[in-house]
Every structure is written in C-alpha cells, then in structure tokens.
Amino acid sequence: MRRKLAAGNWKMNGRYADLTQIEALCAAHDGAEADLLICPPYTLVAAAAALCADHALNIGGQDCHPEAAGAHTGDVSAEMLQDAGASAVILGHSERRADHAETNERIHDKARAAYQAGLLAIICVGESLAEREAHSTLEIIGAQLSASIPDAATGENTVVAYEPCWAIGTGLTATPDQIGEVHDFIRARLEDRFGDRVGQSVRLLYGGSVKPENAAEIFAVSNVDGALVGGASLKTNDFSPIIRALEAEANPS
Ligand code: PEP
C-alpha cells in the first residue's frame with residue numbers, strides 16, 4: 001500500500017506573515033491519514049520546519065544544486081535544505097525546466113544529491129501543449145523518466161509528479177482519462193526498469209490546477225497517489241479540503 005501524499009508548492013510566494021498558514025495546517029491536520037508536505041521558498045524553510053517540528057506536516061525545498069557546497073552563487077544544496085529542517089525537495093518542475101533551462105540529466109544529478117542528503121526527491125515530468133497536440137505525450141514522459149530518475153530510486157527516496165505544463169496555473173485540468181493514461185504508463189515504466197516491488201512502491205502525484213472542487217475526481221483515478229498543488233496550497237482554506245479529499249480516498253468509510 002502506498003501512503004497518499006498531499007504536497008504544496010508555494011513557488012515564489014510567501015513572507016514571514018504567511019507562516020500563519022503553516023501553523024493553521026499543522027493544527028488542522030495532525031493525525032492525517034496521508035503524508036503532508038509544504039515547499040515554501042528557501043527564505044521560509046527553516047522557520048516553517050521549526051513550526052512543524054512536533055506536527056505531521058513536513059517541509060521541503062523547491063530545488064537544489066547537484067553539489068553539496070561550493071562556488072555557486074545563489075544556489076542552495078540538498079544538504080543545506082536538510083540542515084534547515086527540510087525532508088523533501090521538488091526537482092525538475094516545469095517552471096525550472098523552462099526558466100533555468102534544466103535538462104533531464106541535471107535533474108538526475110540533483111536527485112542523486114537529494115538521496116545523498118536523505119531528502120525525498122519529488123521528480124516532475126510533463127508535456128507541453130504542443131507535445132500533447134502532436135500526440136507525443138507518452139514519448140516525452142518516457143524520455144523524462146529514463147533520463148531524470150537515478151538508478152538508485154526507491155519508493156522511500158523518490159516520488160514522481162506528473163504535471164502537464166498546460167495545466168499548471170492555468171485553471172485547465174487534465175481529464176481523468178488523460179491523467180489515468182499517463183499515470184498507468186509511468187507505473188509500467190517504473191516496473192519495467194526497477195522491478196515490480198520498487199516500481200509499485202514509488203508514489204505518483206498529479207499536479208495542474210488541483211482545487212477543492214476537482215480533487216476527489218482526480219484522486220479516484222488509478223495510480224494517483226496524491227497531488228502536487230501550487231496555487232491552492234497557499235491558503236489553508238483551499239488546501240485543507242484537498243487534504244480531506246485525499247484522506248477520504250485513502251480510507252473510504
Ligand atoms: C505546481 O506548481 O506544481 C502546480 C501544479 O501549480 P497549480 O496547482 O497552481 O496549477
């Protein structure tokens with residue numbers, strides 16, 4: 001059984017005052033029937049992690065450098081994130097692939113650094129609208145999986161997030177059929193490469209305009225083990241219903 005995961009990506013949003021959202025999440029979801037993660041900007045990682053120390057909510061980073069330390073102005077290493085209290089890191093988000101020209105190979109090296117530092121690597125894959133319209137979605141996702149996931153991946157150190165670029169921050173959501181097709185494909189690829197045990201243990205998240213209104217429908221899709229949520233993770237009032245929908249899927253009564 002894969003434990004469900006609700007992960008929030010705050011992107012370049014959040015100031016100290018917004019730590020009240022973290023406190024509210026902690027208060028509302030201790031004992032949650034799913035793993036919970038918020039990835040705030042670097043500036044808030046240590047403070048957020050301190051607030052969550054005695055709670056179920058985990059804190060992660062949004063990127064890391066492949067090396068542990070050195071002359072890389074403006075970068076942060078996986079070890080620094082771990083030192084600040086993070087337990088996970090998002091890697092290869094489409095905004096970083098686009099804004100920072102990140103390649104699959106670079107993401108692979110970052111994932112290895114995350115493993116080294118004991119962080120859970122959430123490796124993002126996803127096609128552009130042009131790639132979907134050209135019917136090359138599965139080919140693109142397959143290439144991203146092969147080149148960006150290290151051989152040392154396991155269910156304990158790796159999560160894969162399928163995030164169609166055209167659905168991120170646009171209000172457009174992939175249909176359950178589209179999500180199911182890609183998630184089933186990712187699962188099969190992981191089983192082929194890593195064997196059934198590891199392939200079945202890696203959690204697969206969907207990301208792209210997940211909201212309280214569509215969460216239950218998405219979580220019911222096969223091989224969806226949770227969500228990577230951007231905009232709707234910024235406010236507890238939006239993220240909490242998504243967490244509850246995931247818990248309901250994990251533990252139907
Ligand atoms: C994301 O940033 O990973 C994301 C899925 O954003 P949104 O939920 O806002 O589409």
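The model is a predicted one, in which local features need pLDDT of at least 70, side-chain atom pairs count only at pLDDT 80 or more, and totals for chains, interfaces and linings use all residues. Residues are numbered from 1 along each chain as its sequence is written, and side-chain values use heavy atoms, with hydrogens and water left out.

Thr-158 belongs to strand 6 (strands are DSSP runs of E, at least two residues, and helices are runs of H or I, at least four residues, both numbered from the N terminus). Show its side chain together with that of Asn-157: a polar contact of 2.6 Å joins the two. A polar contact is a pair of N or O atoms within 3.5 Å; within protein, one must be able to donate a hydrogen and the other to accept it, and residues adjacent in sequence count only if both atoms are side-chain atoms.

Next, select strand 6 (residues 158-162) with strand 5; they pair in the parallel sense over five bridges (pairing requires that DSSP finds at least two bridges between two strands). To locate one of these bridges, pick Ile-122, whose partner in strand 6 is Val-159.

Now colour strand 5 (residues 120-125) by accessibility. Six of its six residues are buried. Which residues lie on each side of strand 5? Leu-120, Ile-122 and Cys-124 are on one side, and Ala-121, Ile-123 and Val-125 are on the other; both faces are covered.

**Strands 2 and 3**

Move to strand 3 (residues 57-61), where four of the five residues are buried. Strand 2 (residues 35-39) pairs with strand 3 in the parallel sense, through three bridges.

**The ligand**

Select the ligand and the residues around it. There are 14 of these, and Lys-11, Glu-163, Gly-169, Ser-209 and Gly-230 come nearest (near means that a heavy atom of the residue lies within 4 Å).

- Asn-9: a polar side-chain atom at 3.3 Å.
- Glu-163: an N or O atom in the side chain at 2.6 Å.
- Ser-209: a backbone N or O atom at 2.8 Å.

The ligand has 290 Å² of accessible area on its own, and the protein covers 95% of that (areas come from the Shrake-Rupley method with a 1.4 Å probe; for residues, only the protein chains shown count as cover).

In helix 1 (residues 19-29), select Ala-24. Is Ala-24 buried or partly exposed? Ala-24 is partly exposed because its relative accessible area is 33%.

Then go to helix 8 (residues 176-201) and select Val-198. This residue counts as buried because its relative accessibility is 12%. From Val-198, draw a C-alpha distance to Val-160: the separation is 13 Å, for residues 38 apart along the chain.

Key:
Buried < 20%, exposed > 50% of the residue type's maximum accessible area, 1.4 Å probe, protein only.
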